[in-house]
Amino acid sequence: MTFGRTGVHPPEMKLTAGSPIKDMPLPRRVEISLAQSLGRPAEAVVKPGDHVSRFDLIGEAQGAVSANVHTPISGTVKSVGPIDTPDGHGATGVIIEASDADHACDLQSICDATPLITPDGIGRLSPQEITDTIRRAGIVGLGGATFPTATKLSPSPGSPRCEYLLINGAECEPYLTCDDAIMREMPGEIITGIEIILRALGDDVRCIVGIEDNKPQAIREMTAAARSHSRITVMPTRTRYPQGGEKMLVKALTGRTIAPGALPISEGVIIQNVATALAVYHAVVWGMPLVERVMTVSGKDCQAAGNYRVPIGTPLKDIVGTLPDTTVRIVNGGTMMGRALAGIQGSTAKGMSGLLLLNSQETPLRDTTPCVRCGRCVEVCPMGLEPYLLAKLSQLGRIDDAAARHVADCMECGCCSYSCMAGRRLVDWIKVGKSMARQR
Ligand code: SF4
Ligand code: SF4
């Protein structure tokens with residue numbers, strides 16, 4: 001199964017494939033950004049000097065596209081104000097420090113945790129109870145989009161009926177293996193999370209889990225875990241980037257086409273990431289808000305390479321230690337859609353699926369030469385756009401012309417830049433044009 005003839009197949013570089021998930025120790029100090037969703041930052045509900053317990057709410061969502069923020073550790077609030085973030089822009093955040101007693105108490109509470117409900121209890125929960133729990137837990141899409149999950153599961157009145165829940169386990173980005181790791185190690189928990197989401201969506205909704213065929217163990221484990229669930233099917237997809245893009249996944253798994261500018265629900269589809277399904281399981285079964293995630297740390301020279309379960313707000317320095325001398329680029333996410341970081345400042349966030357430390361061979365600097373009109377960028381664009389033209393129009397500031405040529409439909413997958421033999425930074429310019437078109 002695949003989405004069509006576009007897209008690319010970059011070297012996979014899954015250096016951490018097969019690595020077991022390691023637990024990062026509970027930090028003694030966290031710096032938690034209040035901007036952890038696609039929408040407005042949460043509003044702090046704590047102040048310096050307050051004592052907070054593990055899982056307490058520290059930031060309240062501001063609207064439907066915003067999300068609550070909780071603390072992964074007990075401790076004292078040291079400050080509420082500007083903090084460093086990995087992108088270098090900074091944000092308003094909360095700094096919490098744990099005393100020895102706080103730390104000991106947290107470690108004990110992890111050992112003493114008991115589930116709130118058993119698997120038979122899921123059928124007794126109402127859809128409203130489930131979406132309320134997900135909203136309170138501050139769960140956002142963990143594939144990187146950070147759209148609040150509860151809002152996605154509550155389509156506005158008048159929306160088409162949801163027929164399919166698609167679970168994205170494609171993980172088509174080079175280097176990233178965190179979704180693969182959770183599917184190998186926690187398939188039962190993910191399937192229970194999916195069951196809970198299906199309960200919220202309605203009895204006639206079917207679920208398809210899409211996993212690229214370069215993850216055979218994940219496919220086996222998830223298929224075995226889903227065996228007793230008649231509404232859940234695991235479907236391998238061809239390994240081709242960007243198989244995990246929403247529109248590509250819908251095409252590959254259902255054969256349906258999402259019109260330009262439309263959302264998947266227009267075709268009766270809702271998509272969630274596998275890691276989001278796992279977060280839903282933790283929230284509903286264990287009463288745990290979204291305070292940790294599994295992420296990949298990778299790079300050929302990275303000593304700390306692996307898949308880690310990391311509390312949100314853990315300083316990046318605590319995860320990678322000393323940077324290798326050969327590091328020339330640090331990336332938040334994968335190499336195709338990730339963002340280059342200014343340095344190793346700031347802390348982990350809900351949307352951070354990967355931290356890559358790349359050497360000069362892994363991210364060679366290319367000279368940019370004039371466009372030779374080869375048409376490769378057009379051939380590979382999964383959205384059917386003309387990247388060479390959109391980039392030029394954006395560069396010239398002709399934003400109305402770029403908008404008329406559907407710059408807003410660009411999903412920023414990077415296939416065009418990857419394929420360009422002239423080394424042109426197409427997606428960078430297209431992002432500029434897209435952002436200016438949105439502002440207008
Ligand atoms: S124009 Fe946008 S959608 Fe098309 S290949 Fe480039 S980044 Fe991807
Ligand atoms: S791939 Fe590069 S060189 Fe070829 S048409 Fe597109 S922009 Fe021009």
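Which element gives the largest share of the lining of the largest cavity?

A: In this predicted model, the largest share of the lining of the largest cavity comes from α8, which contributes four residues. To place that cavity in context, a search of the whole structure finds three cavities of 30 Å³ or more, and the largest of them has a volume of about 170 Å³. Its lining is made up of 15 residues, among which L278, A279, H282, E292 and R293 are the closest to the centre. Sorted by class, the lining of the largest cavity comprises 11 nonpolar residues, one polar residue and three charged ones.

The second largest cavity holds about 100 Å³ of space. Here too 15 residues form the lining, and those closest to the centre of this second cavity are C381, P387, C410, C413 and C416. At least two lining residues are supplied by each of α11 (387–395), α13 (415–419) and α14 (426–439), and the class count for this lining is 13 nonpolar, one polar and one charged.

The residues around ligand 2 are C371, V372, R373, C374, G375, R376, C377, Y388, C420, A422, R424 and L426. By class, this shell around ligand 2 contains eight nonpolar residues, one polar residue and three charged residues.

Notes: Residues numbered from 1 in each chain as written. Chains lettered and ligands numbered in written order. Predicted model: local features only at pLDDT ≥ 70, side-chain atom pairs only at ≥ 80, totals over all residues. Heavy atoms only, no water. Near = heavy atom within 4 Å. Nonpolar A, V, L, I, M, F, W, Y, C, P; charged D, E, K, R; others polar. 1 Å grid on protein atoms, 1.4 Å probe; cavity = no way out; pocket = protein on both sides within 12 Å on 5 of 7 lines; lining within 4 Å. Points joined across faces, edges and corners; volume = space filled by probe spheres on them.
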